[in-house]
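The sequence and structure are shown first.

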Amino acid sequence: MALCTHAKAARLTPPLSSTAVYKEECTQCFDNYDMSAGIDVCLTCFNGACPDAPNNHAHQHAMKSGHQLTLNIKRVSKGTDSEGESPRPAKLTKLEIKDDTADDASKYEYQTFVRCWGCSGVKIDKEAISSTESIQAVTSAIMHAVEATKRSEIKAWAEEVTPCEHFDALPQVPADGFSLDNLHSCSTCEKRENLWLCLTCGHVGCGRRQYDGSGGNNHAIGHFEKTGHRVSVKLGTITPEGTADAYCYACDDNRTDPRLAYHLKAFGINVLAQQKTEKSVAELQLEQNLKFDFSMTTSDGAQMEPVAGPGLTGLNNLGNSCYMASVLQCVFNIDRFRDRYFPTAADHFATCTKPKPANCVICQLHKMANGLWSGRYAKLQTDSEGKVAHQAGIPPAQFKDAIAQDHYEFSTMRQQDAFEFLLHLNKQIDIAERSISGSSMTPTAVFDFKTEERLQCLECKKVRYKTQKASPISIPVIKRRLDQPQRQQAKSESTDKKQEQEQEQEQEQEQEQEYAPVSITECLDAMVGDEHVEGYHCPSCNKPTTAVKSIRFATFPKVLAVQVRRFELVNWVPEKLNVPVKVPLEKLAFGAYRGQGIQPNEEPLPESDEEKETENTAPQKEQPVDEAVVAQLESMGFPRVRCVKAIKITGNSGPEAAMNWIFEHMDDPTIDDPEEPQQQQQRSQSSVDPEAVMQLMTMGFPKDRVEKALGATAGDANRALDRLLNMADDNDDDVIMADRNDDAAAGNTDSISRSDYELTGFVLHKGTSVHCGHYIASIRFGLAADESKWYMFNDSRVAAQKEPQPEQAYVYFFTRIDN
């Protein structure tokens, strides 16, 4: 077709370097430019959309936005591999993913044309386009632009490696007996790899133990803790150019040493004579997290059967995104989420007011549901030998960008905690749903329930009952170390079951055999057990006393998500507790943990100044915090506000006490609310911003609750929203007491009487820390014992799982039995 009237009248502007251009994948489904129809990129707003059935989102976008002109891009493989000698690697100053445009051009060719949807999607002749400078400039800019999701990945991966002041004026005195002959092995354990040279005294120690059992035995960091010598260099990474992998234990971070040659000369080491023989920490971290190959074998060594289909679609690993993939698989297997987002996508796309679907959380939830449940993208492949291989999977990059946005942790490409992501996901869905429909359609209600807190003064014996809104919960794990005979017996029994194991699996097995198995009911018993509150100001006794506090279920959710707290602080380093937790695959009764409310023989505490229950009546001065401890906790991935609060509440008792408090309060809805001076709290409660009140009321919250929430959070609308989403209504106590035997109260999904559950999914973590290692998910399809099947979701690979192993799971999903 010649140049049409729409093309002649178009006033187009090429995208800037900061403009998001979606040219590889549709923003409303997972069709991409490798498919036969290609992808249409809007020449006006640069949205990417599929131009063909069954969805034809390109036509929908044109009709809705009025943007008629698009550039169709189709990528076709050249079918040849480039050859040649690899160039010498550049000096490593960043841990990053680089733009691979040049390499991409050698493997693929791109077929493009411009079409006009105002003319029924007709293709415009290239000769006509070449005569129009504005269209030609825009199409050229699109082809040279970096894909929006790829650009965010490159930015998020970049991690600057910089020097620090601890390398300046470094005191260097070789220890007695130091010799260059001793640089080839750890001075403590004789390990010969991953060795670190102390730049103060010349001590050689092995590095930290990694999640897969490799690395070292922590003797280098042990030397720092013993001597305070802060900086070291990794032997085997020293190059003639004067670079090496350096580390500062005081900063607890990778560093560069600008005077490395001078510092090594103090120990008789000539930099010019060195050759790099080992991978750096940055290279190892990137390699481990991008290429982690979780075992897809059964206990007898057989390969798991690859599967694909609706609900059995894998998610590609973007690099440290396994925490997100495992949670999404479990969440979208819940009926309420699937029913909300899978069949209703077209209705939302037609009414969505966001100009770009990529920036709309609800659009991306619909897209994710369609990708996982349509079966369109779940196709088994064939390997080079003609055997059935795993599917390619779908990339959750646009979903991640939308759901994480500017979040300080989830927007990065670093490994994150799966349970914290579940909480974040629920919060973002609640906010997005309330902005379009109030609270009526949010599927996260399946996780909601209420807890009953009982507090009794041990002096006057009076009690107070209080209900609070809760969602996913966190429970402690019971540590019982095995003695040596028990460990040998456990190892022998395990060897009988698994005669052929890889070295990595054997190392993990030895760690897991360190603790005796516990049942999940033991962990729940610890959660609901009595807690003594010293210094409780009893309003009846009118003096400080000791009280006993316990928590039970006031109602039971449709889906109970449970995190097992498997991490503790050991020598300032968070370590994982590989305690086997026995969880039945069939029915699990929670009725024993149901609260009963106030009893006839109990006398309630008077309703007086409730602030005296948790703090002294006299205003306290702002207590300082140890910044070294704050830095220690921040290095573990926790936000500063959480670290400061933990340190204050534990009375500056050190990093271990603060770390334990953080793990115990992970599911506290106000854990990231900063503590405020008393006068500021009083001022904030007296006046609130009317605009903030109206903003929150449009989400379906009543005015009195909004004003109270804003008053309690110094007028901060975001923190007030957190409070509204996570804290119970003031009249919840009355509702529960009046309807204790009525499950239909208020139309909620939580139940007062039904308390039996079945395990329907779990997230498993392999590694020593929440910030490294690998997550996978195991999910059950069907609830009936004779009909249910289990599947393992390991990023893009999905396989039938005959023997699910929930003993080492990190997050469990239990579904309530209602029939």
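## Basis of the model

The model is predicted: local features need pLDDT of at least 70, side-chain atom pairs count only at pLDDT 80 or more, and totals for chains, interfaces and linings use all residues. Residues are numbered from 1 along each chain as its sequence is written, and side-chain values use heavy atoms, with hydrogens and water left out.

Helices (H or I, at least four residues) and strands (E, at least two) are DSSP runs, numbered from the N terminus.

## The four-stranded sheet

An open, antiparallel sheet is built from four strands in the order E16-E15-E20-E19; two strands pair if DSSP finds at least two bridges between them. Because strand E16 (463–470) and strand E19 (531–538) each have a single partner strand, they stand at the edges, and one side of each is left without a neighbour in the sheet. From one strand to the next, the twist averages 35°.

Strand E15 (residues 449–457) pairs with strand E20 (residues 543–553) in the antiparallel sense over seven bridges. Glu452 has Arg552 in E20 as its bridge partner.

## The helix pair

Helix H23 (residues 690–697) packs against helix H24 (residues 703–712) at an angle of about 125°, and their axes are 9 Å apart. Axes are lines fitted to C-alpha atoms, for helices over the stretch in contact, and angles run from 0 to 180 degrees between N-to-C directions. H23 is therefore oblique to H24 (angles under 35 degrees count as roughly parallel, over 145 as roughly antiparallel, 65 to 115 as roughly perpendicular and the rest as oblique).

The contact (heavy atoms within 4.5 Å) involves Ala692, Val693, Leu696 and Met697 of H23, together with Lys703, Val706, Glu707 and Leu710 of H24.
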